[in-house]
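Subject: Structure handover and notes

Hello,

Here is the structure I promised to pass on. Please open it alongside these notes.

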Amino acid sequence: SAPLSPVQCMHFLAQGSFSGLQSLPATKHRTHSGPKPPKPENAVTVAVSSRVLFRTEREQQVFDEQGIEEYLRFQVEHENEHFPTGPAFPFVKALEAVNVRLRELYPQSEELFDIVLVTYNHAHVGVRLINTINHHNLFIERFCMTGGTSPIGYLKAFHTNLYLSADADKVREALAEGIAAATMFMSEKLSAVSQTQLRVAFDGDAVLFSDESERIFKAHGLDKFFEHERENEDRLLDHGPLKGFLEALGKLQKKFYAKGHRMDCPIRTYLVTARSAASSGIRALKTLRAWGLEIDEALFLAGAPKGPMLEKIRPHIYFDDQMFHVEGAAEMGTIAAHVPYGIAQKYPRKQ
Ligand SMILES: [Mg+2]
């Protein structure tokens, strides 16, 4: 990341809904005049860092090797060049496709996805980011350019429902504040994903659910885990860091159902868990049902690798707390994000 002094901190907002923040000046390069962005408290707000929405490794290298002044000069010199797209790009595109459908069905509603671009960068780099956003016809009006300071406070002010970043420390910080968050990685192999349906896949333990059962498994092995889950079948699992985001997706799905679009809903959710259906799966399903959350497809893999199943689903994003699952999925072309939460962080290897 590019550490800059807090003095350079700048914020742009499309609406002056927070005091002290300025409006984003209209640029003459704007290729589309989209609708007004929703108020943060009504929207499902997804904050993405510029380093996962776009690929900026080359710029990062200039920063690391030549320092801040050269880095800023480089960015300004290249401001008419677009950044290549990064791992969060297909996800953000899919969110915007859902918004188009929502606006058709509910022209007045502010219950939409709202994307906030978060960057530690200096405002000079903003011109290049805006040029890239316009080039890709993305609808991103909210920028949070923190000039090197932590964005976590702003994420709270934006009522952020999900934060995606390349910086695992910032993701941990967000999770500690109760914000759903995940780390994304550059991957050379990326499968094509649906242009018309947003697909989001979640691991169960330590992602949608707490790591309670995972702790039993790590400490005492599989047999004790099964025993524990059988004994506690009717006791609900506690919520995990991504539960709120699944809930937000469910809220938008219901808007489609209400207009008769259950079968062709442009949002589809998946549970992809190592639990097995017959034994430990029942507690997971009972918990989701008690929360009032529907998941469209639940896949109980009973310990089988997740990569091949995810390759079939082709989600725009898959969340897992265990790095070996994230890596296994990414190797097969799935866009996988790591949720650095729970007991598994103490055990980096599979066990
Ligand atoms: Mg897990």
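Helices (H or I, at least four residues) and strands (E, at least two) are DSSP runs, numbered from the N terminus. That convention applies to helix 12, which is followed by glycine 333. The phi of glycine 333 is positive, near 95 degrees.

Two points on the source. This is a predicted model, in which local features need pLDDT of at least 70, side-chain atom pairs count only at pLDDT 80 or more, and totals for chains, interfaces and linings use all residues. Residues are numbered from 1 along each chain as its sequence is written.

**Overall**

The protein chain has 12 helices and 12 strands. It runs to 351 residues, and 42% of them count as buried. Buried here is 20 or more other C-beta atoms within 10 Å of the residue's own; exposed is 12 or fewer, partly exposed is in between, and C-beta atoms are placed from the backbone. Two residues are in contact if their C-beta atoms, placed from the backbone, lie within 7 Å. Take the contacts in the protein chain with a separation of 6 or more: 73% are between residues 24 or more positions apart.

**Helix 12 and its surroundings**

Helix 12 covers residues 323-331. Its buried residues are His325, Val326, Ala329 and Ala330. Seen down the axis, they fall within an arc of 130 degrees, so they line one face of helix 12. The arc is that of the directions from the helix axis to the C-beta atoms. Those buried residues pack against helix 11 (307-313), strand 11 (317-320) and strand 12 (336-338).

Methionine 309 sits in helix 11. It counts as partly exposed because it has 18 C-beta neighbours inside 10 Å. Methionine 309 and alanine 329 are 20 residues apart in sequence, yet 9.0 Å apart in space, C-alpha to C-alpha. Leaving aside residues up to four places away in sequence, methionine 309 touches Val272, Leu299 and Leu301.

Arginine 314 lies in the loop between helix 11 and strand 11. Its phi is positive, near 50 degrees, and it is not a glycine. Most residues other than glycine have a negative phi. Arginine 314 is partly exposed, with 18 C-beta neighbours inside 10 Å.

Which residues of helix 6 are buried? In this helix (residues 168-176), they include Lys170, Val171 and Ala174. They cover an arc of only 100 degrees around the axis, which puts them on the same side of helix 6. On the other side of helix 6, Asp169 and Ala176 are exposed. The cover over the buried residues includes helix 5 (152-157), strand 6 (160-165) and strand 7 (181-184).

Lysine 156 belongs to helix 5. It is partly exposed, with 13 C-beta neighbours inside 10 Å. Lysine 156 and glycine 178 are 22 residues apart in sequence and 9.4 Å apart in space, C-alpha to C-alpha.

Histidine 159 is in the loop between helix 5 and strand 6. This non-glycine residue has a positive phi of about 55 degrees. Histidine 159 is partly exposed, with 15 other C-beta atoms within 10 Å.

**Two helix pairs**

Axes are lines fitted to C-alpha atoms, for helices over the stretch in contact, and angles run from 0 to 180 degrees between N-to-C directions. Under 35 degrees counts as roughly parallel, over 145 as roughly antiparallel, 65 to 115 as roughly perpendicular and the rest as oblique.

Helix 7 (residues 212-220) packs with helix 8 (residues 222-231) at about 150 degrees, with axes 7 Å apart. The two are therefore roughly antiparallel. In this contact, Ser213, Ile216, Phe217 and His220 of helix 7 meet Leu222, Lys224, Phe225, His228 and Glu229 of helix 8.

Helix 2 (residues 57-77) packs with helix 4 (residues 123-135) at about 30 degrees, with axes 9 Å apart. That makes helix 2 roughly parallel to helix 4. Leu72, Gln75 and Val76 of helix 2 make the contact with His124, Val125 and Arg128 of helix 4.

Best wishes
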